[in-house]
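Hi,

Here is the structure I promised to pass on. Have a look at it first, and my notes follow below.

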Amino acid sequence: MKKRMAKIVSLALTAAMVVPTTAQIVAAEDDKEIVYWNIATESPDKDIVEAAVEKFNAETESGYTVTSVPTQNDTYKEKLVVAMSSGECPDMYSSWSGGPMFEYIDSGFAQPIDDLYEASEIKDKLLDSALAQATYNDHIYAIPYLNVSLAGIFYNKDMFEEYGLEEPTTLAELENICATLKENGITPFALANGSKWTGSMYFMSLAARYGGLEPFQNAVAGEGSFTDDCFIKAGEKIQEWVNAGYFPEGVNSLSEDDGQAKQLMYQETAGMLLCGSWYTGTFASDSEEFYQKIGWFPFPAIEDSDADATIQIGTVGDQFISFNCEGDKLAAAFECAEQHLSDEVTEITFANNKIAPINEAADKITDPVVAEIFEAAQNASEIQLWYDQYLPPAVASAHLDGLQEVFGLTKTPQEAQESMQAAMDEYLSQKAE
């Protein structure tokens with residue numbers, strides 16, 4: 001336990017010190033308050049979470065009241081780690097599953113909810129794949145609720161029509177599109193990589209298309225290496241695109257949280273945007289008129305690769321609510337989490353072009369772009385969780401830091417991957433002690 005806590009503490013020391021206030025960490029003097037941290041600062045996520053919390057507060061007979069404390073994405077990650085490193089944690093909080101969630105569980109900041117889930121109304125409602133990403137060591141620790149999110153490429157249909165472009169099925173065809181857009185003064189890809197995880201979408205997609213998922217799985221298990229050819233080729237392709245001008249100038253200084261990537265799409269100075277499929281809700285919420293111009297396609301296959309091109313990168317849930325309380329309070333917090341999957345709240349989810357991770361999702365999707373995304377998810381042989389969420393935090397940080405330097409041309413792909421592998425070796429060594 002002490003070693004695991006030390007890892008979280010070291011993360012906090014290296015993170016920007018965004019220290020939460022006592023009011024945010026500690027429940028009010030009335031112990032009937034449940035403090036709920038989340039990242040729902042903007043619509044449509046804000047609408048979904050607020051509806052669930054308001055429904056719980058209005059209908060519950062538990063005597064508890066939930067207080068939602070939303071925080072912007074990147075700040076939230078740091079805030080959560082800092083809070084846990086000091087031995088504090090809210091009663092319920094959302095995260096992204098994978099490595100960080102497992103660290104929280106091992107450190108005692110998440111409780112198993114198997115019994116509550118078995119007796120709940122959502123027992124037969126959640127997709128099996130969503131529940132799998134909420135499970136650790138054969139126990140359920142979280143409720144997935146927000147979206148089935150895949151990494152894919154959004155594009156301006158009007159722009160494609162103007163230049164005689166079609167959705168690509170191969171990487172060569174995608175690069176031809178990039179070259180055409182560039183020749184006409186348009187930046188091919190809108191990318192704000194100040195947050196680092198946005199650039200990782202390109203790397204993950206390329207690595208999966210070059211080598212499938214086995215090299216990644218082997219590297220994580222200590223049976224392979226993050227210097228495998230598929231990772232080096234992914235980094236080299238990114239630098240080839242940087243040199244070709246396929247990304248915005250100063251890409252590493254642009255902020256995703258400030259909306260600088262989507263603004264390039266709105267200004268129509270960029271033609272495509274590779275990111276998570278939550279962007280359907282973002283585009284539609286910002287401008288329904290602009291959203292009508294948007295098309296989507298999965299990352300294309302690489303011609304000389306044997307990798308399965310149905311593999312997708314993403315998450316079946318997108319946000320997962322975990323619980324740091326016990327007894328009656330845990331039961332009430334779980335009840336609030338259930339409301340995120342209620343018919344009334346999922347109606348808001350689907351109306352905002354998101355895909356609630358529930359079995360009847362296909363029957364509730366009316367938007368053609370969202371339908372394409374869900375079809376890609378259903379047809380996927382595997383869905384790999386985002387590296388920065390799947391990997392142990394220290395390894396994820398090495399991945400994101402090194403890759404940002406690859407985008408900045410200050411590190412070679414080989415150097416970046418060696419740094420990532422060194423972090424993985426250290427983690428595995430500590431874990432074996």
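Before the holes, a word on how they are found: on a 1 Å grid over the protein atoms alone, a cavity is a set of points where a 1.4 Å probe fits but cannot get out, while a pocket is an open set with protein on both sides within 12 Å along at least five of seven lines. Lining residues have an atom within 4 Å of a point. Grid points are joined across faces, edges and corners, and a volume is the space filled by probe spheres set on the points.

Bear in mind that this is a predicted model, where local features need pLDDT of at least 70 and side-chain atom pairs count only at pLDDT 80 or more, though totals for chains, interfaces and linings use all residues. Residues are numbered from 1 along each chain as its sequence is written, and side-chain values use heavy atoms, with hydrogens and water left out.

The largest cavity has a volume of about 40 Å³, and its lining is made of F350, N353, K354, K364, I365, T366, D367 and V370.

You'll find N353 in the loop between helix 17 and helix 18 (361-364); helices (H or I, at least four residues) and strands (E, at least two) are DSSP runs, numbered from the N terminus. Is N353 buried or exposed? N353 counts as buried because its relative accessibility is 10% (buried means under 20% relative accessible area, exposed over 50%, partly exposed in between, with a 1.4 Å probe and protein chains only). Leaving aside residues up to four places away in sequence, N353 touches T280, G281, A284, Y291, D367 and V370, where contact means heavy atoms within 4.5 Å.

The length of helix 3 (residues 45-59) checks out: at 1.5 Å a residue, its 15 residues should span 21 Å, and the end C-alpha atoms are 21 Å apart (the expected span is 1.5 Å times one less than the number of residues).

In the loop between strand 1 and helix 3 sits P44, joined to S43 by a cis peptide bond with omega of about 10°.

**Aromatic rings**

There are 28 aromatic pairs in the whole structure. Rings of Phe, Tyr and Trp (its six-membered ring) pair if their centres lie within 6.5 Å; planes under 30 degrees apart count as stacked, over 60 as edge-to-face and the rest as tilted. One of the pairs is F216 with Y387, stacked at 4.2 Å centre to centre and 15° between the planes. It links distant parts of the chain, with F216 in helix 11 (residues 214-221) and Y387 in helix 20 (residues 387-390), 171 residues apart. F216 and Y387 are both buried. Ring pairs also link F203, F216, F226, F231, Y387 and Y390 into a cluster.

Two lysines sit over tryptophan rings: K77 has its charged end 5.0 Å from the ring centre of W96, and K79 lies over the face of W37 at 4.2 Å. The rule is that NZ of Lys or CZ of Arg is within 6 Å of the ring centre and within 35 degrees of the ring normal.

E268, not a glycine, has a positive phi near 60°. Its loop runs between helix 13 (260-266) and strand 9 (270-276), and E268 counts as partly exposed because its relative accessibility is 31%. L409 has a positive phi of about 60° too, and is not a glycine either. L409 lies in the loop between helix 21 (393-407) and helix 22 (413-432).

Cheers
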